[in-house]
Amino acid sequence: AFAQSRQSLVERYFSAIARKDYVAAAQCIRQADLYEFKNTFSSIYRLEARNGKRELLDATFGSSARLEDALNAKPDDMFSRTMNYVMAATASSVGNTQFYSTRVLGEVPEGTSLVHEVVRSDVQVGPYRTNKVEVISLAAEGSNWKIILPDQLKNFGAMIKQQMERRPQR
């Protein structure tokens, strides 16, 4: 039953991403990872404010938002807003993302509190359709399992911050 709940969690996560319901997706992710994600983006909003800019703040929280609105946002709200922005940016540069199917192929346990689910997804991004296999790691959080935020999402904020720090200020 525990294995079934892990598979079900991964399926709920991918279903939420496919529906663009990033609040529901956030509910599948470890709290510690959501806080780390929020802290990364909070530092980006602060850097933007120090540079007299608000491009990311406007894109994620709207043109009437204040820096404090972003800094005080709940981690799942920050994740949802950021994912909406990322997916919209992806759509404008290469086209919409369409998930056709996702299937958990199996799992690889690593001790008693860490499991890796092997997932096959049929996805189209713009004109490019691909069948990809990825590993989604889950960790025990209390009596439940939660998804460890995938590295590509963890690193996204760091990449944005690095670009902002390198960009010449005007």
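**Exercise 1. Describe how helix 3 and helix 6 cross, and name the residues that meet there.**

*Solution.* Start with the handedness: helix 3 and helix 6 make a left-handed crossing. The term left-handed applies if the near helix is turned anticlockwise from the far one by less than a right angle, and right-handed if clockwise. Helices (H or I, at least four residues) and strands (E, at least two) are DSSP runs, numbered from the N terminus.

A word on the source before going on: this is a predicted model, in which local features need pLDDT of at least 70 and side-chain atom pairs count only at pLDDT 80 or more, while totals for chains, interfaces and linings use all residues. Residues are numbered from 1 along each chain as its sequence is written, and side-chain values use heavy atoms, with hydrogens and water left out.

Next comes the geometry. Helix 3 (residues 31-50) packs against helix 6 at an angle of about 65°, and their axes are 9 Å apart. Axes here are lines fitted to C-alpha atoms, for helices over the stretch in contact, and angles run from 0 to 180 degrees between N-to-C directions.

Now list the residues. Helix 3 contributes Leu34, Tyr35, Phe37, Lys38, Phe41, Ser42 and Tyr45, and helix 6 contributes Pro75, Met78, Phe79 and Thr82. Contact means heavy atoms within 4.5 Å. By class, the residues of this contact are 8 nonpolar, 2 polar and 1 charged. Ala, Val, Leu, Ile, Met, Phe, Trp, Tyr, Cys and Pro count as nonpolar, Asp, Glu, Lys and Arg as charged, and the others, Gly among them, as polar.

**Exercise 2. Find out which residues of the largest nonpolar core touch the most other members.**

*Solution.* A nonpolar core is a set of buried Ala, Val, Leu, Ile, Met, Phe, Trp, Tyr and Cys residues joined through side-chain atoms within 4.5 Å. The largest one has 41 residues, and Tyr13, Phe41, Tyr45, Phe61 and Phe79 touch the most other members. Take Phe61 as a worked case: apart from neighbours within four places in sequence, Phe61 is in contact with Tyr45, Asp69, Ala70, Ala73, Asp77, Met78 and Arg81.

**Exercise 3. Decide whether Ser80 is buried or exposed, and do likewise for Ala91.**

*Solution.* Buried means under 20% relative accessible area, exposed over 50%, and partly exposed in between (1.4 Å probe, protein chains only). Ser80 belongs to helix 6 and is buried, because its relative accessible area is 9%. Beyond neighbours within four places in sequence, Ser80 is in contact with Tyr22 and Val23. Ala91 also sits in helix 6 (residues 75-93), but its relative accessible area is 25%, so Ala91 is partly exposed.

**Exercise 4. Work out the strand order of the open sheet and which strands stand at its edges.**

*Solution.* Two strands pair if DSSP finds at least two bridges between them. Go pair by pair:

- Strand 1 (residues 97-109) and strand 2 (residues 114-125) are antiparallel, with 11 bridges; Val108 has His116 as its bridge partner.
- Strand 2 and strand 3 are antiparallel, with 12 bridges; Asp122 is partnered by Asn131.
- Strand 3 (residues 128-141) and strand 4 (residues 144-147) are antiparallel, with 4 bridges; Ala140 is partnered by Trp145.

The 4 strands form an open sheet in the order 1-2-3-4, with antiparallel pairing. Strand 1 and strand 4 stand at the edges: each has a single partner strand, so one side of each is left without a neighbour in the sheet. From one strand to the next, the twist averages 30°.
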